[in-house]
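Open the model in your viewer and keep the selection panel at hand. This tour says what to select at each stop.

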Amino acid sequence: MDLNKKVALVTGITGQDGAYLAQLLLDKGYVVHGVKRRSSSFNTGRIESIYQDPHESNQRFVLHYGDMTDSTNLIRIVQQSQPDEIYNLAAQSHVQVSFETPEYTANADAIGTLRLLEAIRILGLEKKTRFYQASTSELYGLVQEVPQSETTPFYPRSPYAAAKLYAYWIVVNYREAYGIHASNGILFNHESPLRGETFVTRKITRAAAAIKLGKQGRLYLGNLDAKRDWGHAREYVRGMWLMLQQDEPDDYVLATGETTPVRQFVSWAFEDIGIELEWRGSGVDEKGYDRATGTCLVEVDPRYFRPTEVDLLIGNPAKAHAKLGWSHETPVRELCREMVLEDLKVMQTATVMKDA
Ligand code: NDP
Ligand code: GDR
């Protein structure tokens, strides 16, 4: 197939993964259609560098207003774009927020996936359009075995994970029932300087940068004992693309195979701004102090505890290595440093602009 003629439709294009994936697909010569939500303020910051004026000829990046809760809208966008590949990245993706908005999360993340698959059927695109579903390591939830692989049983621990469980199985079902080339990427946590500001890694790296610049006094966090398998988002979107290039659809884990406690990530981020943290106390009373000055910089706030927690995630990416030739490159220590340095740069620039 001539790659230059390939068309991709990406939902969640304004998110972290959407931005990296859109860039990757444009670099490969695709025409990229993206679905963005109407918002009262600009929500396209992450894709500013690839935005193309709709008045330009040969436009290869096209944005559509849309929402995963609106079937007719999704059908129309699929009809207009006639995609060879759909990457379904849109979701209410915050685990803790899903406890506050469980019904909306189910609507967008679970039924939203069904709506897109139905759009493919209604438009008779089962043989043309390949489908990627953003499945998640949150499906494993309560630890059944480690490391977690494609055969590990699921045990979701949040409304978000339960919604993504439905999405996972409806993708498998539509593959088996209707022969759609539909694949689940079971992705473990992946981060970057584009990561949403309320996910724990970015919250930590932004706070470290702000504390360094004297703009913030203390960082408040929840469960410091949780362990996550953190990789770099730029490398994970390549894995998504590889899944849709296979002759047969399938489900794959993408992970690094290493796990790190939240507390360790905090220590690294502070190390990157030149502060050695000393941890004292335990549980809700645990605090992180600047070893040099004795100042308390990190404190636990129970408001960030979740009603049910996922304690330990560590993935086994052997199948993706063997079948896709995919592997991660950036170690988590390096990822942390990249995020801290980028946050420092952004905040310093903002300060200079403000002063000017
Ligand atoms: P983000 O939260 O950064 O992006 C989510 C995207 O979905 C945003 O573009 C958001 O739009 C959009 N969105 C949310 N709700 C709707 C809706 N109702 N209709 C249309 N669009 C909507 O997530 P990531 O980029 O980090 O993750 C991408 C996908 O991968 C998500 O489905 C997530 O659940 C999943 N995932 C992520 C992992 C990770 O570690 N990052 C790991 C495993 C899975 P807006 O910008 O307007 O908010
Ligand atoms: P997660 O990511 O829930 O794994 O979901 P998040 O960064 O929110 O939490 C990771 C762990 O850190 C603990 N934690 C805190 N989390 C947040 N957000 N804020 C805090 O202050 C804080 N303190 C401690 C959490 O309890 C948790 O254990 C992400 C999302 O991208 C999902 O969409 C995706 O499916 C999974 O990763 C894989």
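Domain bounds here come from an automatic or database domain assignment. This is a predicted model: local features need pLDDT of at least 70, side-chain atom pairs count only at pLDDT 80 or more, and totals for chains, interfaces and linings use all residues. Residues are numbered from 1 along each chain as its sequence is written, while chains are lettered from A and ligands numbered from 1 in the order in which they are written.

**Stop 1: the two domains**

Colour domain 1 (3–193 + 230–257 + 312–330) and domain 2 (200–224 + 261–311 + 334–355) separately. Their C-alpha centres lie 30 Å apart. Now select the contact: 15 residues from domain 1 and 13 residues from domain 2. Contact means C-beta atoms, placed from the backbone, within 7 Å. On the domain 1 side, H3 gives the largest share, three residues. Helices (H or I, at least four residues) and strands (E, at least two) are DSSP runs, numbered from the N terminus. By class, that domain 1 side holds seven nonpolar, five polar and three charged residues. Ala, Val, Leu, Ile, Met, Phe, Trp, Tyr, Cys and Pro count as nonpolar; Asp, Glu, Lys and Arg as charged; the others, Gly among them, as polar.

**Stop 2: ligand 1**

Select ligand 1 and the 26 residues that surround it. A residue qualifies if its C-beta atom, placed from the backbone, lies within 6 Å. The closest are Gly12, Gly15, Ala90, Ala91 and Ala134. Show helix H1 (16–27) and strand S5 (130–136): each supplies at least two residues of this shell. H1 provides the largest share, three residues. The shell has eight nonpolar, 15 polar and three charged residues.

**Stop 3: H1 against H7**

Display Gln16, Asp17, Tyr20, Leu21 and Leu24 in H1; they meet Ala233, Arg234, Val237, Arg238, Met240 and Trp241 in H7. This contact counts seven nonpolar, one polar and three charged residues.

**Stop 4: ligand 2**

Which residues are closest to ligand 2? Ser93, Thr136, Val200, Gly222 and Ala226, from a shell of 21. Helices H3 (95–100) and H6 (200–212) each supply at least two residues. Domain 1 and domain 2 each give at least three. The shell divides into eight nonpolar, eight polar and five charged residues.

Note on methods. Two residues are in contact if their C-beta atoms, placed from the backbone, lie within 7 Å.
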